Structure formats: structure tokens, C-alpha cells
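The entries below go topic by topic.

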Amino acid sequence: MDGSTNSLDDVSAGSSAEFPDRLSLMEVRLQAQEDEITLLKSSLADALRKLRLHDQQIPLLKQQLIAVNPGAARVLNQSFSIDGFSKPCRLSTSSLDGLHHPVNSHVSSSAENGEGSRAHSVPSLKAGTSERSTQTDPWTPEPVRTPLAASKSLCLEDALPEGVSLMEEALNKLHQETQEEENNEDEREKDRNWRSVVEEPIQPTSIRTLQQQQSKSSEESQGSAPQTPTSSSPAPPKEPSSSPHTGPLSPIMEGEKTLTRRNSEKLSKDTQDKNKQRMPKKAASSTNLLTRSPSLEGRAKDILSSTGTQGSRRGTQGQSIKMFIRGRPITMYVPSNIQNYDELKMDLPSEKLELDWVYGYRGRDCRGNLYMLPSGEAVYFIACVIVLHHVTKRTQRHYRKHTDCVRCLAIHPDKVLIASGQTAGVDKDGKPFQPFVHIWDSTTLVTLQQIGLGTFERGVGSVAFSNADAGMFLCVIDDSNEHMLSVWDWNKNTKVVEVKSTNEAVFAVEFNPADTNNIITCGKSHVYFWTLSAGTLTKKQGIFGKYKKPKFIMCFVFSLTGDVLTGDSEGNILTWGKSAADIKTLGKGAKETFQIMKQTRAHEGSVFTLCILQGGALLSGGGKDRRIIRWSADLAPERECEIPEKYGAVRTIADVDGEELLVGTTRNAILRGTFSDGFVATVQGHVDEMWGLATHPFQNIFLTCGNDKQVCVWNAEEHSLSWCTTLEESGLCADFSPNGAVVSVGLSTGRWLVLDLQTREVVSDLIDGNEQLSVIRYSPDGSFVAVGSHDNFIYIYSVTEGGRRYTRFGKCTGHSSFITHLDWSKDGKYIMSNSGDYEILYWDVAGGCKLLRNRYESKDREWASYTCVLGFHVMGVWLEGSDGTDINALCRSHSERVVAVADDFCKVHLFQYPCPKPKAPSHRYEGHGSHVTNVRFTHSDSHLLSLGGKDTCILQWRVKRSGAADNKEHPNFSHPPSISTSSSDPRNQREKELG
């Protein structure tokens with residue numbers, strides 16, 4: 001397939017100029033073919049599995065028939081033997097009709113109440129012969145009944161209580177056939193010379209070819225094969241025998257249907273024509289999964305579910321559910337303790353989540369995003385959450401009315417109101433959200449105004465309140481190509497003026513504190529001085545004159561004397577002033593200009609931020625040199641310090657009390673300190689996408705790792721970073737050993753490390769394959785660890801010496817795609833695993849890492865954890881239309897009451913557990929600004945942790961019971977829940993608050 005793909009790409013690339021759509025059309029066709037091949041392969045595997053199950057039930061049916069009618073033993077000894085191998089075959093008229101079921105059907109039954117459609121695989125062609133057997137219409141027995149004592153199902157999937165009466169009729173017919181056998185010796189001699197062939201599963205695309213082969217084979221065999229009348233023996237096949245003889249007709253009971261199979265040799269030319277008409281129906285016996293809509297591409301993302309039999313099939317063996325993801329069928333068996341799948345009711349869980357703590361800060365790509373409030377709270381943002389972090393009390397409140405990532409902040413002159421702007425983002429269907437600005441009260445977290453919905457494009461890059469008029473106006477610059485600058489009367493929610501700013505990037509905007517009609521913007525290669533007059537905005541560009549024009553003007557502030565001070569990418573602080581019009585040079589119409597009055601060398605590399613203190617002193621923060629310098633009013637350096645390299649460069653500075661400072665860094669940390677005492681981190685976070693998350697088995701700590709090569713251990717109770725270490729490679733998965741002494745971290749190169757939690761040292765360094773590791777899980781007793789890799793294997797290691805010694809035990813081989821999730825059974829002997837092509841496989845680790853071919857045997861197995869995204873117990877978490885990658889992770893609570901889900905659309909969901917039915921309701925929680933990569937419950941289920949991908953955000957949610965249990969404190973967490981409060985969901989109360 002790879003070779004054909006490359007050739008297609010080469011052809012299309014050579015003619016892309018002439019036929020621009022050819023490449024996309026060929027890709028669509030190629031994807032359709034691949035999906036069809038995958039579908040047919042899975043159908044064939046499902047058919048072979050079901051045939052094996054029927055073989056196991058044939059002896060039971062035979063014994064029952066002989067017990068009721070001993071005379072049947074002689075017939076059974078002559079029938080159903082195909083060179084020592086027997087195969088049951090079944091097909092109902094309703095299953096043939098199922099070949100033409102509606103395209104939009106979402107349900108395909110595994111067991112249909114005795115009268116629904118059924119379709120199963122027929123056996124494959126027998127080696128050594130060119131003969132084929134065909135299927136005829138179901139045989140109907142005589143209405144004379146013989147008692148049959150059958151109290152339990154004789155077939156794993158198809159035996160129904162209602163089938164007893166049909167079995168009695170079959171026995172009566174068997175008795176009649178026995179009498180005919182005794183009176184017709186010649187007939188029996190012909191039967192002994194017959195040999196049956198096992199039918200081959202027929203793909204829909206090869207029906208015409210099989211018809212031609214069938215016709216040719218029948219014509220060639222007519223000269224040598226004896227023509228024998230049809231005999232209707234309802235007896236099931238006997239055990240495999242060496243006898244080459246078999247009966248001419250083999251019916252198989254299936255609920256209220258009787259299925260028959262005939263040998264092709266005994267068909268005459270008249271019946272051949274009928275068989276050719278039935279050939280298309282034989283394709284249905286491959287499985288109903290082959291029934292496809294006319295457009296495979298249109299169905300590629302459908303998730304269809306099929307339930308077991310309604311009513312009469314309650315609690316029967318073999319009841320199964322099918323769902324489809326990208327056209328691939330996934331079969332899941334209903335556990336024995338569920339008596340009636342259709343009567344299961346999916347309710348919202350009684351537990352709910354409340355945002356407790358936010359770990360991280362967005363400093364790597366945003367500026368001007370850290371401010372101090374008179375309440376003692378620092379205001380900053382990460383993902384979709386604006387955090388109000390009390391510096392001394394170490395508590396948090398959260399404003400959560402934004403629907404996508406927050407990009408900018410501005411503080412009103414009253415130091416209470418806050419304006420915040422967000423990016424546009426997209427929904428799960430790719431439709432863009434409209435960006436807006438919220439103005440809200442930092443005391444009550446109530447939204448006062450929503451500005452610019454439907455006006456801004458892509459996002460809001462910068463916002464600023466006016467100062468001279470007590471904050472009446474708000475200036476906004478969006479992220480469109482022209483970076484539209486607009487001024488709003490935010491109390492009235494009216495736009496005063498709007499103008500195109502520049503096609504270059506804009507970093508900051510501010511009103512002149514002494515004059516609302518003057519606005520300044522800066523960015524790439526420019527600093528603009530705007531004047532608002534008579535409802536229009538005019539701009540003048542700053543003149544660099546004899547000074548070198550920097551590539552970027554990074555930031556600016558207003559001095560107490562009214563001068564404008566800018567920091568640039570050359571490391572200079574420029575002082576700008578207004579000069580009189582040069583009439584001599586420019587003539588009578590010359591106007592005043594803004595020119596550089598003074599240049600001060602400040603930092604090596606860029607000046608990232610400037611901050612004016614109350615006394616007029618200036619603070620500057622350097623990018624490359626990581627220095628913070630205090631300058632006097634006339635720009636003479638007074639004091640300086642350098643922040644540690646591990647925190648990155650200085651992004652922004654906030655004044656706490658004139659002496660103490662808060663410093664936001666480019667490595668997403670907030671430092672607190674003074675020039676005298678230095679700085680320590682009060683907020684820390686990752687700086688790149690995170691995937692690995694593990695919670696300690698009995699302590700309130702958890703570990704995270706990601707593409708920034710950092711491994712961080714957090715204290716969930718104290719809301720702090722316990723320790724952090726840097727690896728040589730990206731960490732993608734992790735798990736604590738059950739004894740809590742060590743933790744294993746899987747890396748992007750196939751290596752995995754075992755770290756001692758106390759000493760932080762690497763106690764073991766192993767490697768499996770050369771591809772990234774996606775999951776690591778210890779067995780419940782800690783004696784084994786399973787490592788799932790992108791090379792499609794699961795590596796099993798035995799663990800000794802308290803988790804410090806590892807020995808390869810075996811390797812689970814069988815997946816056809818990379819491993820995504822796995823879980824251990826409670827007894828530590830078995831593993832359930834998922835892969836990238838949506839497989840669910842089960843492994844017997846204790847028995848030698850063997851693949852359990854019969855997945856039905858694992859339907860009642862209990863699992864120590866449940867993180868696999870595919871499985872019967874979590875099937876309901878998948879939304880209709882999902883493509884298989886919409887859910888990144890899930891985790892069942894230790895109490896087995898709820899399951900948390902991390903999806904690809906920035907949401908965390910909470911479902912009841914088990915959740916086996918489609919369209920199950922859930923509580924949905926927002927906060928992340930990127931795909932949620934992982935979720936885990938703490939050891940006591942008191943909290944849930946969720947990881948954002950690109951937003952680098954860790955959200956800690958408190959799990960609360962609804963009703964009377966709301967006020968109950970979990971014994972493992974001592975801090976009161978009322979310390980950290982969050983504003984409600986934005987979409988539920990926005991209309992009420994804005995009204």
C-alpha cells in the first residue's frame with residue numbers, strides 16, 4: 001500500500017498545476033479502499049471466531065438429540081463428517097434481507113429476539129477440492145412435535161428459549177428420515193460417496209466471479225458425481241470423525257430459524273440457476289458488517305451500535321454490542337451480570353467537579369499579563385482561566401467565562417474592574433468561535449459587559465483602559481491581518497471609532513494617562529502615536545532619525561513627566577518626546593513630530609518589559625541576560641539582579657509594595673522576591689505539550705511529564721511543586737509502583753526510566769524498541785510492569801527488590817498498530833489493551849503473555865484500573881460521529897462510580913460508571929484551551945487531575961457529591977473547600993449576568 005501511495009503522489013504532483021483537484025480525489029479514493037480492506041479483514045476475523053464457537057457447541061446439540069431419539073445415532077454417524085472436520089453453517093432469510101438494510105441505520109443486532117435479521121460468516125473453502133456448497137431457503141419441519149428436554153442454551157450465541165418447539169419438530173423429522181434410511185439401502189450407499197465442502201466467505205466485490213466459478217464447477221462435476229435426492233436431516237454435526245461420509249443436508253437451529261446446507265454435487269442444471277440467484281445472498285453470510293453505504297467516505301466517521309436480543313435474549317451467552325469507528329467494527333460482549341442491556345438506564349453521575357487549583361502561567365508567548373490588585377491577589381491567565389492568586393494566603397479564585405484561550409488583560413483605574421480578551425478558537429466541527437472582550441468585577445467575578453462579539457477577527461491581542469476620564473473608554477486591537485484598532489464606550493457597549501492599524505505584529509497599546517485622545521501602539525518595526533479627534537483616529541510614526549531602527553519595539557511606559565519610554569530588541573531604552581514643527585526644512589505646513597530624545601543601553605538582548613514604580617523609578621527586564629534593573633527617574637541604574645536560568649527570561653514585572661516584586665518568566669513561572677533577598681518561584685508549570693500523568697497510590701501527590709523533557713512531582717494538597725528534574729528526552733507516560741517508592745517514566749525513544757521518589761535518582765534505565773512509549777502500567781501487586789510501545793508490542797517485566805530491579809518476562813505480540821492504553825486485571829494475571837487501529841485485545845500474562853483469542857471469555861473479568869478508551873463499560877462515552885481520536889484518555893474512579901474523560905475539544909467529562917450505552921449523559925467542564933491529553937483520580941477519589949496539551953495547563957478538580965454530601969470533606973485533604981472558588985460555567989449563566 002505504501003508503494004502505491006507513493007506512486008499516486010508522484011503522478012498527482014507532476015500534474016498538480018493542470019489538475020489541482022486530482023491529488024485530493026486520489027487521496028479520498030485511496031482512503032476509501034483502505035477502509036474497505038480493513039472492514040473486510042475484520043469481518044473475516046469475526047466470521048472465523050464465530051465458527052469456532054459453533055464447533056464447540058455441536059457435540060452438546062448432538063448429545064441432546066441422541067438422548068431424546070436413540071435411533072438418530074446411526075444417522076449422526078453418517079452425517080456431518082467432512083474428512084474428519086465439521087463446520088456448522090447458518091443463514092436465515094432475514095439475514096439475507098439484511099444485505100440491503102438502510103444506509104443510515106445505526107443498530108445491527110447480534111441477537112434479534114428470535115425474528116430479527118442475523119448474518120454470520122460461512123466456513124471457508126476446503127483444501128484439496130474445487131467443490132463449493134451453497135445455501136438454500138430455511139427448511140420448515142412438519143407440525144408433529146416430539147418432547148425435548150433441553151433446559152439450557154445449546155449454542156453460545158444463538159440458542160433461545162423459544163427454540164425448544166422447533167427442536168421438537170426437528171426431532172420428529174429426524175425420526176421420519178431414520179425410517180426412510182432403513183427402507184432405502186441404495187439411497188444410503190449414494191450418501192456414503194458424498195463429500196461436503198466448507199463454504200468460503202464471499203466478499204461483495206467478488207460475487208460475480210464466484211458465480212462463474214460455481215457454475216463451471218457444477219457442470220464439470222455432473223458427469224462423475226451421482227445425483228442424489230435431497231435429504232432433510234435436522235441433526236447437528238457430530239464430533240470430528242475420520243469417516244469421509246456425510247449426510248446430504250445439514251440444518252442448524254438458530255432461535256426460531258432453521259438453517260440448511262446442501263452439497264453442490266447433487267444439484268441439477270435446474271437448481272444451478274436458482275443457486276446463481278442466491279449467490280448474492282451468500283455474501284450476507286460474511287457478516288452484516290459488509291453492508292456498507294454507497295459512500296464509504298461519508299460513513300467513515302459513523303459510530304454505530306448494535307445491541308443484543310431484546311426480551312427473549314436477556315442474559316444469554318454471546319450477547320454482544322458492536323460499534324463502528326471509521327468503518328471498523330468493534331465487538332464487545334455484555335457481562336453476565338447485565339440481564340437486559342436494552343433496559344439499562346444511563347443517568348448523570350451524582351458526583352460533580354469543581355475547579356480547585358490551576359497549575360501554570362502563560363508567559364512563553366504572552367506579555368503584559370501579570371498584575372497586582374489591592375486585595376493582595378495577583379491576576380494572570382493560562383488556558384481559558386483567569387487566576388486570582390492570593391500571594392500571602394496561597395489561595396485561588398478563578399474567572400471562567402471565556403470559551404477559548406485568554407490572550408490579554410487590562411486593569412481599570414479603579415483597580416477592581418478587569419478587561420480580558422480571548423482568541424477565536426474553533427469548535428469540534430471546525431467552525432470558528434467569535435472572539436470577544438469581557439469586562440468583569442474582580443471582587444464578585446460577575447461579568448459586567450461583553451464587548452465586540454462578531455467584530456473582532458481571529459482574536460484579541462491587546463486591550464487598555466483610558467485613565468484621564470476614570471476609565472470610560474476601552475481600546476482593543478484584534479489579530480486580523482490589518483490589526484484593527486477600535487475604541488469603545490464600554491459602559492454603553494458602543495464602538496466610538498475603528499481604524500486599520502498595521503499589517504505588522506502589534507505588541508502593546510495604551511492611552512496617554514493625561515489625555516484620552518492620545519493612544520500609543522508598538523510592535524514590529526514601529527511605534528505609532530494616535531490622535532482621536534472628531535470621531536476619527538490619525539497616526540504618526542515615531543522618527544528614529546540618527547538612531548538605529550530596531551526590529552521590534554517590545555514594550556513602552558509613560559514616565560511621570562509624560563515622556564514615552566520604549567524597550568526594543570536591541571537592548572536599548574529609548575526616550576521619546578514631541579518636537580516642534582520644522583518649518584524651515586519642511587515648509588509652512590509642517591507638523592510636530594515624535595522623535596527620540598535619549599537612548600540608554602540597558603540589556604544584552606531584548607528589553608522584554610518596563611514597569612514604572614510609584615516614586616517614578618523604572619524597572620526593566622531583560623530577555624537574553626535575564627536581569628532585572630532598577631533605574632532612577634533620569635535613567636541612572638541603581639540596583640540589579642539576575643533570575644535563575646531554569647526559569648527563563650523576564651517576561652513581565654508587577655510591583656507588589658514598592659519593594660517586593662512579582663516576575664513572570666518565559667518558562668511559565670511567576671517569581672516573588674526582592675533585590676536584596678532574591679526571587680523564589682510561587683507559580684510553576686510546564687512549557688510544552690504534556691501527556692504523562694500518574695497519581696500516587698496512597699499519597700496526595702502526582703507526576704507530570706511532557707515534551708519539555710521535564711518530570712515534575714506535585715503536591716496536590718499543598719498545591720505546590722515538590723521537585724522537578726530534566727531528562728534527555730521527552731516523557732510521554734508514567735506510573736507509580738504500588739508500593740509508592742518508585743515511578744516509571746516512558747520516553748519518546750523507547751527508553752524508560754525508574755526514578756526513586758525520595759532521592760530523585762534513576763534506579764533503572766531500560767529500552768524497548770526504538771519508537772516512543774505510550775503507556776506504562778504496574779500490576780496491582782507490583783510484581784509486573786507492562787510497557788506499551790508504538791512498535792505494536794507490549795513488553796512485560798518482572799519487578800523485584802521493591803521496584804528497583806526489572807527482568808524481561810515476555811512480550812505480547814498481536815496488535816497491528818501502536819499501543820495506546822492498557823489495564824491489568826485485579827488478580828494481576830491478564831491485560832486488556834487498545835491500539836491505534838481501535839483493537840481491543842486480551843492477554844494471559846501469567847500463562848506466557850499469550851493472546852486470548854476468545855474475547856468472550858474476558859467479558860466478566862474485573863479490572864484493577866480502567867483507562868482503556870475502548871471497552872464495553874465505557875462505550876457510552878463516545879459521541880456519535882467520533883473518528884477514534886476524539887477521546888485521548890479516560891479514567892475510572894477507584895470507587896468504580898464514575899469515569900472521567902479527556903476529549904480533543906478542550907473538555908473534561910464526567911460519566912457514571914459503567915457507561916455502556918450510546919448517548920450517555922455527562923457533566924461537561926471547560927477550562928482547558930487545548931486538547932485534554934490525560935485525566936487521573938487521586939488515590940482517594942477526592943480530586944481529579946487533567947492535563948492540557950498545548951496550553952501547558954494542569955487543572956485540579958475537587959470531586960463533590962450532589963445533595964447533602966456537598967459539604968462533606970474528604971479526610972485526606974485538610975484544607976477547606978471554600979478557600980478556592982470559581983465562577984460558574986460561562987455558557988450557563990452568561991445571558992443572566994449580561995442581562
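This is a predicted model: local features need pLDDT of at least 70, side-chain atom pairs count only at pLDDT 80 or more; totals for chains, interfaces and linings use all residues.

**Entry 1**

I looked up the volume of the second largest pocket and got about 680 Å³. I then listed its lining, which comes to 34 residues. Which of them lie nearest the centre of the pocket? I found W691, S774, T820, H821 and N888 there.

β43 provides the largest share, five residues. I sorted the lining of the second largest pocket by class and got 18 nonpolar, 14 polar and two charged residues.

**Entry 1: the largest cavity**

I searched the whole structure for cavities of 30 Å³ or more, and ten came up. I took the largest, with a volume of about 150 Å³. Its lining has 16 residues, and Y333, Y842, S858, K859 and F872 are the closest to the centre.

Two strands, β5 (328-333) and β49 (840-844), each supply at least two residues of this lining. Which strand gives the most? I found β5, with three residues. By class I logged nine nonpolar, four polar and three charged residues in the lining of the largest cavity.

I turned to β36 and checked burial. Six of its six residues are buried, so the strand is largely enclosed by the rest of the structure.

I looked at pairing with β35. The two strands run antiparallel, and five bridges join them. Within this pairing, M690 has G706 of β36 as its bridge partner. β35 and β36 make a hairpin with five residues between the strands.

On the other pairing, β36 meets β37, again antiparallel and over five bridges. I noted V713 of β37 opposite L703.

**Entry 2: aromatic pairs**

I ran a search of the whole structure for aromatic pairs and counted 23. I picked out F702 and W714. Their ring centres are 6.3 Å apart and their planes meet at 15°, so I logged the pair as stacked; the cut-off for stacked is under 30 degrees. F702 is in β36 (residues 701-706) and W714 in β37 (residues 710-715), so the pair ties together parts that are twelve residues apart in sequence. I checked burial as well, and both F702 and W714 are buried.

I also traced a cluster. Ring pairs link F529, F544, W576 and F594.

**Entry 3: charges over rings**

I looked for charged ends over aromatic faces and logged two cases. R861 lies over the face of Y830, 3.7 Å from the ring centre. The charged end of K917 sits over the ring of Y341, and the distance to that ring's centre is 5.4 Å.

**Entry 4: backbone checks**

I checked the peptide bond from Y913 to P914. Cis or trans? I found it cis, with omega near 0°. P914 belongs to the loop between β53 (908-912) and β54 (923-925).

I then looked up positive phi in residues other than glycine. S525 has phi near 60°. I placed S525 in the loop between β20 (515-523) and β21 (526-533).

I placed T952 in the loop between β56 (943-948) and β57 (954-961). Its relative accessibility is 1%, so T952 goes down as buried; the cut-off for buried is under 20%.

Key: Residues are numbered from 1 along each chain as its sequence is written. Side-chain values use heavy atoms; hydrogens and water are left out. On a 1 Å grid over the protein atoms alone, a cavity is a set of points where a 1.4 Å probe fits but cannot get out, and a pocket is an open set with protein on both sides within 12 Å along at least five of seven lines; lining residues have an atom within 4 Å of a point. Grid points are joined across faces, edges and corners, and a volume is the space filled by probe spheres set on the points. Helices (H or I, at least four residues) and strands (E, at least two) are DSSP runs, numbered from the N terminus. Ala, Val, Leu, Ile, Met, Phe, Trp, Tyr, Cys and Pro count as nonpolar, Asp, Glu, Lys and Arg as charged, and the others, Gly among them, as polar. Rings of Phe, Tyr and Trp (its six-membered ring) pair if their centres lie within 6.5 Å; planes under 30 degrees apart count as stacked, over 60 as edge-to-face and the rest as tilted. Buried means under 20% relative accessible area, exposed over 50%, partly exposed in between (1.4 Å probe, protein chains only). A charge sits over a ring if NZ of Lys or CZ of Arg is within 6 Å of the ring centre and within 35 degrees of the ring normal. Two strands pair if DSSP finds at least two bridges between them.
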